[in-house]
Amino acid sequence: MKQVTILGATGSIGSSTLDVISSHPDKYGLYALTANKNVEQMAKICRSHRPRYAVMGDQQTAAQLEKILSSSCATKILSGAAELERVASDSEVDIVMAAIVGAIGLMPTLAAVRAGKRVLLANKESLVMAGSLFMAEIARHGAELIPVDSEHNAVFQCLPMGFSTGLNEKGVTKILLTGSGGPFRELPLVDFELITPQQAVAHPNWDMGPKISVDSATMMNKGLELIEACWLFGIDEADVEILLHKQSIIHSMVAYNDGSVLAQMGNPDMRTPIANALAWPQRITSGVEPLDLLQVGQLDFQVVDENRYPCLPLAREAFRQGGTSMAILNAANEVAVENFLNHRIKFTEIAKLVEATLLHIDSNSAKSLEVILADDARARNYVNQQLVQSNARN
Ligand code: NAD
Ligand code: MG
């Protein structure tokens, strides 16, 4: 029986993980569930899944949870960053699902890595901002990193068993990442200014949290995934091709030097990569409906129009620049997306703010966590200052 901690248990990935785990009670036990502020949802999942620990973002929300659950549940309630890192690294834990959204997920995910756990990585932002350091820590502590992001899990499944970096020696010539293009792949460009948060979070194929849904609409998500793939598989950005594939059935592909291209297919449901990552190298049921290719009928592929998705070339450029450029890109995007979701800026301003931040903030060599976090903070400050100035002008 493996003991699992889910970081970000109240989110979209957290819920899908709980769903898969609950159908295999003989294989997985829940050590800890964590959340930021969603007390109601945490109370609900504690009652139904009975984890040993529940960790909330602060003392206030922990006290509220304590009050709701009172004596109805034996779960021990904790709070704060130190407890978050403790439940990610405790010696009783075997598997950690890293499903907190954003840069804030880096430290608890690193705590799991440094404790040598099997880390199921959904939190792509941590790899984008600190990829080099993160991968070095994986190697140093003998942790096992299994990608959950559907594209990277697809690539993982299409690579030779037990892949490591140095894919060229294994005959791999290219990685093909697919992306649906989000809800606005056919919207006339003149209408982009008027896109509302509600429209942006309504993804045609996937049901996801708000931040990644906006990232999918701008295709910054594919840019972050390009960087994620480079770090995970030890390849260069020039070896990654991005294809629009509107059906979201092929989750990504690997091309080999003998002409073979291996694809992983399935219905667009995160429970498949989650089940794969939990059980690898075994397979377990995920609850996902079998794929009916006759029903799908057709698989389409198109080139990505970078005028429509300016965030994508910005991410590629940040990887080329290296150092803390990727942390700066990620931080600027997080602040911009949050402001868009709160109706403070237009959809089209997200890419403009990220571009301005990359131009304005000099990057450094990403040699330590301190440098990376300092540049992340500088980028956030810069975007916030720009917003204050533009508010003052209007
Ligand atoms: P979500 O918004 O639905 O959930 C986020 C979770 O993070 C919640 O449990 C929330 O409580 C927690 N959280 C947020 N801020 C926090 C903080 N300050 N401290 C502690 N916890 C905090 O997000 P999601 O869609 O589940 O995505 C989670 C991660 O997985 C993201 O990095 C996303 O890019 C990645 N991912 C998601 C999907 C998907 O289908 N949803 C697919 C691929 C990758
Ligand atoms: Mg993805």
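**Ligand contacts and domain interface in a predicted model**

Student: How far is an oxygen atom of ligand 1 from a polar backbone atom of asparagine 36?

Tutor: This structure is a predicted model, and the distance is computed from its atoms. Asparagine 36 is listed among the closest of the 22 residues that surround ligand 1. Its contact here is made through a polar backbone atom, and the separation from an oxygen atom of the ligand is 2.9 Å.

Student: How far apart do the C-alpha centres of domain 1 and domain 3 lie?

Tutor: The protein chain is divided into domain 1 (2–147), domain 2 (151–266 + 298–308) and domain 3 (322–394). Between domain 1 and domain 3 there is a contact to which each contributes 11 residues. The C-alpha centres of these two domains are separated by 27 Å.

Student: What area is buried between domain 1 and domain 3?

Tutor: The size of an interface is often expressed as the accessible area that is lost when the parts come together. Carbon and sulfur atoms give 72% of the area buried between domain 1 and domain 3. On the side of domain 1, Val128, Met129 and Leu133 lose the most area, together 56% of what that side buries. The total for the two domains is about 810 Å².

Student: Which helix gives the largest share of the side of domain 1 that touches domain 3?

Tutor: Across this interface there are 0 salt bridges, and the count of residue pairs in polar contact is 1. Two elements give two or more residues to the side of domain 1, namely helix 5 (106–114) and helix 6 (124–141). The largest share, 5 residues, comes from helix 6.

Student: Which residue is joined to proline 281 by a cis peptide bond?

Tutor: Proline 281 sits in the loop between helix 11 (271–279) and helix 12 (293–296). The omega angle of the bond is about 5 degrees, and the partner of proline 281 in it is tryptophan 280.

Student: What is phi of methionine 219?

Tutor: Methionine 219 belongs to the loop between helix 9 (210–218) and helix 10 (220–233). Although the residue is not glycine, its phi is positive, with a value near 65 degrees.

Notes: Residues numbered from 1 in each chain as written. Chains lettered and ligands numbered in written order. Predicted model: local features only at pLDDT ≥ 70, side-chain atom pairs only at ≥ 80, totals over all residues. Heavy atoms only, no water. Domains from an automatic or database assignment. Contact = heavy atoms within 4.5 Å. Buried area = accessible area lost by both parts, 1.4 Å probe. Salt bridge = Lys/Arg side-chain N within 4 Å of Asp/Glu carboxyl O. Polar contact = N/O pair within 3.5 Å; in protein donor to acceptor, adjacent residues only side chain to side chain. Helix = DSSP H or I, 4+ residues; strand = E, 2+ residues; numbered from the N terminus. Near = heavy atom within 4 Å.
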